[in-house]
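Please look over the model shown here alongside the numbered remarks that come after it. They are meant as a colleague's reading notes.

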Amino acid sequence: MARWFRSEPMEYISFIVNEDAAHDCLADLGRMGVIQFTDLNPDLTPFQRRYVSYVKRCDELERKLRYFSNEIEKFELDLVSAGTVDNFVNSPTLVSGTTDATKRSGAQLLESMEAELEQYEGQLRELNNYSEKLTKEYNEKVELQEVLEKARRFFMTDAPRLAVSELTSGPSGTGNAAGLLESEIRPDLDMRFSSITGVVATEEKVRFERMVFRATRGNCYIRFAPIKQPITDPETG
């Protein structure tokens, strides 16, 4: 790494290099760490410079690395350090087909990293899609099982009581009274009960209850039961 001290002697120089060899020359000077470059066009914006395409490619690589880092933190995985930046750049396995670190240019390193990170990102996103799909299907099965069990308990508890109330409200009294009831048909007494079971989020419980109460004008009986089995959020894990 370069060390800058105020007491070290420095010189301001300018040199002209062929465009084909400029990239390799600057890469070698950068590895030496004994030179500092001066911007000759400070008025130009980053989008007006010639290397803006490389900056965009580096930003894309940084985005992919951030995505890998977030996934690693989400699954609480341990990472092994790759060493210093120089060791990473000089690694013989970074560029496929090249074993000599001195013969590799920055363009080769960038292309190799782009191809490798693109492949890893595609594999990771595909695995995440599969995991999210399987988690959703598992949650649906768990919710269906809980709904069936809670509904079975509810109807087994209230079915005998409803049957007894139906028997006690059956035909009784004299024949004249029965005929009188048969002759009087009141549509407002023709009531039918229906039941709906399902799953609703805990934070939507009060809102759902209020909506059903208003839709049925108060003629409703709502019961909630928590799901004991843990349900994993497919998006956050």
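The points below take up the nonpolar core, the salt bridges and a surface patch in turn.

1. The model is a predicted one, and the remarks that follow should be read with that in mind.

2. The largest nonpolar core consists of five residues, namely Leu61, Tyr67, Phe68, Leu110 and Leu117. Two elements, α2 (52-75) and α4 (106-168), each give two or more residues to this core, and α2 gives the most, with three residues.

3. Within that core, Leu61 deserves a separate look. Once its neighbours within four places in sequence are set aside, Leu61 is in contact with Leu110, Met113, Glu114 and Leu117; of these partners, Leu110 and Leu117 also belong to the largest nonpolar core.

4. A search of the whole structure returns twelve salt bridges. One of them joins the side chains of Lys64 and Glu118, with an N to O distance of 2.4 Å. Because Lys64 lies in helix α2 and Glu118 in helix α4, this pair ties together parts that are 54 residues apart in sequence.

5. Glu118, by contrast, has a relative accessibility of 45%, so it counts as partly exposed.

6. Lys64 also meets the side chain of Glu121 in a salt bridge, here at 4.0 Å from N to O. This pair again links distant parts of the chain, with Glu121 in helix α4 and Lys64 in helix α2, 57 residues apart, and both Glu121 and Lys64 are buried.

7. Another salt bridge is formed by the side chains of Arg207 and Glu204, at 3.4 Å from N to O. Arg207 has a relative accessible area of 56%, so it is classed as exposed, whereas Glu204, with a relative accessible area of 30%, is partly exposed.

8. Finally, which residues make the nonpolar surface patch of about 470 Å²? The patch is made by Ile13, Phe15, Val17, Leu26 and Phe37. Ile13 is found in the segment before α1 (19-32), and Ile13 counts as exposed because its relative accessibility is 57%, where exposed means over 50%.

Note on methods: Residues numbered from 1 in each chain as written. Predicted model: local features only at pLDDT ≥ 70, side-chain atom pairs only at ≥ 80, totals over all residues. Heavy atoms only, no water. Core = buried A, V, L, I, M, F, W, Y, C linked by side-chain atoms within 4.5 Å. Buried < 20%, exposed > 50% of the residue type's maximum accessible area, 1.4 Å probe, protein only. Helix = DSSP H or I, 4+ residues; strand = E, 2+ residues; numbered from the N terminus. Contact = heavy atoms within 4.5 Å. Patch = residues over 30% accessible without salt bridge, like charges linked within 9 Å, V, L, I, M, F, W, Y side chains within 5 Å. Areas by Shrake-Rupley, 256 points an atom, 1.4 Å probe, with all protein chains shown as cover.
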